[in-house]
Amino acid sequence: NFYFLLKCVRVILYMIDRAAEFLRNCKGKTVIVYDTDGDGIGAAVILSKTLGKLFKRYPKTVPRDHGLSLITNKLLQSIGGFENIIFLDIAADERPEEILKLAKKSNVMIVDHHLVQKDLNSGVVHINPSFFEKKIPASKYCTSKLAYDICSNLTETKDMDWLAGIGIVNDIAEDVWKVLMKSIYRKYKLSPKNFKVVNNILTSVYMLSENKDTTLGYKACFESSSPDDILKARNS
């Protein structure tokens, strides 16, 4: 059991280090493609702010198209000219041929926690808890928490812990991350109920038929220093 646990820790550290190294090399033109729920938004803001700290400029961020496919031809065409392409909270491995084709011209990383369709680590950096975590279900190791863990190896991330918390609440994973969530509630003086309201505000943005701007949730998180800022903005 000890050696099995040690092996698991080594794999986790390897995967996290590999993702961190990818971000260290994102000096060129970079795009982040993210899902527009609380988990995808939280992950995208964490990575964007981390890259901003590292390189003094922010990457382009693109919300995924909403339709039957997570990766549409329109989306693939729009990101083809970037040197670095990062997919967050999107099962990009559902279209492996297209992703590997992208990887011939761009550096590609997928950070996701959905059911793995195909392991793409032979051609891209493919980070999914299913590859290294045996105790926590991948569905509960949400992408924003993964992004937080990765970026913690690169810069100070304590000011972005609430963004990981948004993803955890969105994916109903509080039971797995009890210690972290309690510290977030205490730090920002918000009840679990109000924290869920914050997530509901963000996720409702793209669900409203009259709202065509699916980037509003991302913008709200990017411009806020705490979850309370989002609550105040709603009430103002």
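**Entry 1: α2 and α9.** I looked up the crossing of α2 and α9 and found it right-handed, a crossing being right-handed if the near helix is turned clockwise from the far one by less than a right angle, and left-handed if anticlockwise. The model is a predicted one, in which local features need pLDDT of at least 70, side-chain atom pairs count only at pLDDT 80 or more, and totals for chains, interfaces and linings use all residues. Residues are numbered from 1 along each chain as its sequence is written, and side-chain values use heavy atoms, with hydrogens and water left out.

I noted that α2 packs against helix α9 (residues 216-223) at about 50°, the axes being 9 Å apart. Axes here are lines fitted to C-alpha atoms, for helices over the stretch in contact, with angles from 0 to 180 degrees between N-to-C directions. α2 and α9 are therefore oblique to each other; angles under 35 degrees count as roughly parallel, over 145 as roughly antiparallel, 65 to 115 as roughly perpendicular, and the rest as oblique. On the α2 side I listed Ile-41, Ala-44, Val-45, Ser-48 and Lys-49, and on the α9 side Gly-217, Tyr-218, Cys-221 and Phe-222. Contact means heavy atoms within 4.5 Å.

**Entry 2: α6 and α7.** I then took helix α6 (residues 161-170) and helix α7 (residues 178-188), whose axes come within 10 Å and cross at roughly 125°. This pair is therefore oblique too, and α6 passes α7 in a left-handed crossing. Among the α6 residues that meet α7 I found Trp-162 and Ile-168; the α7 residues include Leu-180, Ile-184 and Tyr-188.

**Entry 3: cores.** I looked up the largest nonpolar core and counted 56 residues, with Leu-23, Ile-86, Leu-88, Trp-162 and Phe-195 having the most contacts inside it. Such a core is a set of buried Ala, Val, Leu, Ile, Met, Phe, Trp, Tyr and Cys residues joined through side-chain atoms within 4.5 Å. Helix α2 (residues 38-55) gives the most to this core, 8 residues. Apart from it I found another core, of 18 residues, including Val-62 and Phe-87.

I checked Ile-86 by itself: leaving aside neighbours within four places in sequence, its contacts include Phe-22, Leu-23, Leu-47 and Met-109.

**Entry 4: whole chain.** I read 10 helices and 5 strands for the protein chain; helices (H or I, at least four residues) and strands (E, at least two) are DSSP runs, numbered from the N terminus. Of its 236 residues, 52% count as buried (under 20% relative accessible area, with exposed over 50% and partly exposed in between; 1.4 Å probe, protein chains only).
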